Amino acid sequence: MASRFLTVVGGLNMDLIFEAKRAPEAGESLDATSLFTLPGGKGCNTAIATYRASHSKPRSRQDSNPALDIASEENIQIFMNGAVGNDAFGEELKERLNSHNINTDGVLTIPDERSGTCLVIVDSATNDSRNLGYQGANLKWRPIDSNSITCLAAGHIPDLVIAHLGIPRKTIESVLQIAREKGVDTLLNPAPAYHLGKDTYKCITHLVLNHAEASTLSGCTVENWRDAAAWFIRLGVKNVVITLGSKGAYFAMSGGVEGVVDAVKDVKIVDTTGAGDTFVGTYGADYVKQKRKGVWDIRKAVWRACMAAARTIERLGAQEAMPWLDEIE
């Protein structure tokens with residue numbers, strides 16, 4: 001079966017995760033109850049989530065179950081594009097991706113720059129998290145060839161380009177424009193939510209964002225996510241998915257199809273870090289899987305993304321918490 005190629009363009013950060021009884025107030029010092037140093041960043045997280053969503057969890061030969069070893073059915077190759085600093089964090093981030101067989105030819109090492117770093121404070125009382133990021137090398141990434149789309153996938157034409165705004169906005173807009181010119185599908189997760197040029201929306205096949213981001217970009221109130229989706233579609237987006245937290249996710253297509261997928265019930269929230277990236281990666285993997293078959297059921301893709309995100313928030317951390325294909329099913 002021929003391979004499919006999925007490219008991710010986005011940030012790579014090392015996450016410093018502090019767990020505390022509560023987040024400190026302004027001017028207050030508190031002791032954390034635990035500290036973890038874990039690879040992260042929206043781009044890196046999404047690449048890992050996409051890989052896991054299209055491959056079964058590795059098993060020892062003794063524990064292998066042929067009924068669950070279905071990775072070969074997906075056969076999706078993942079390519080990561082971004083930048084790290086010339087430091088230990090950068091090496092660890094690339095090693096993490098390589099451990100998942102993700103191609104890192106597009107991950108540039110920027111001399112005399114620090115790798116992106118994110119401080120995550122997890123409130124053990126509510127299990128909510130607060131993030132403070134330093135983008136560092138991420139802000140200096142540029143494609144190897146600004147007029148090529150194959151340079152993002154080691155010479156292959158990607159079936160889907162997933163992009164985040166952890167990379168400078170103008171660079172991402174240029175990547176989306178080139179993809180459109182070459183007839184390549186795109187998925188933009190505009191996080192953080194910077195305003196885009198209106199012509200950029202014509203280059204977006206899938207816009208996946210949360211309700212707060214949808215409000216920021218569209219000017220609609222947070223509660224009016226249907227109006228926000230309609231605004232994006234009028235600007236040229238083909239598929240819009242707005243995540244609604246405990247309410248699930250809303251989707252709308254340029255052809256008029258819309259709906260809501262309910263959130264997974266009875267989920268024990270441990271850590272919400274990485275849930276959004278898991279959603280994006282799983283949705284992207286399912287789109288590429290369906291594209292191979294010549295079909296597109298957006299509700300199914302959103303449902304699987306909700307399932308994967310629910311599995312993620314039941315565990316601590318971002319990448320380690322992301323489910324494999326058989327765990328989603």
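**Chatting about the annotated sites**

Biologist: Which residues does R315 touch, leaving aside its neighbours within four places in sequence?
Modeller: In this predicted model, R315 is in contact with V270, D271, E320, A321, M322, P323 and E327, once neighbours within four places in sequence are set aside.

Biologist: And where does R315 lie?
Modeller: R315 is in the loop between α8 (298-312) and α9 (325-328).

Biologist: Let's take T273. Buried or exposed?
Modeller: T273 is buried, because its relative accessible area is 7%, and buried means under 20%. T273 sits in the loop between β13 (258-261) and α7.

Biologist: What's T273 in contact with, neighbours within four places aside?
Modeller: V120, S129, T312, G317 and A318. T312 and G317 are also on UniProt's "binding site" list.

Biologist: New topic! Which residue does UniProt list as "active site"?
Modeller: D277, again from an unreviewed entry. D277 lies in helix α7 (residues 275-293).

Biologist: Is D277 buried or exposed?
Modeller: Buried, because D277 has a relative accessible area of 4%.

Biologist: So what does D277 contact, skipping neighbours within four places in sequence?
Modeller: G41, K42, N45, T46, A49, H164 and M322. M322 is also in contact with R315.

Notes
Residues are numbered from 1 along each chain as its sequence is written. This is a predicted model: local features need pLDDT of at least 70, side-chain atom pairs count only at pLDDT 80 or more; totals for chains, interfaces and linings use all residues. Side-chain values use heavy atoms; hydrogens and water are left out. UniProt positions are given in the numbering used here, feature names are shortened, and annotations may be inferred rather than shown by experiment. Helices (H or I, at least four residues) and strands (E, at least two) are DSSP runs, numbered from the N terminus. Buried means under 20% relative accessible area, exposed over 50%, partly exposed in between (1.4 Å probe, protein chains only). Contact means heavy atoms within 4.5 Å.
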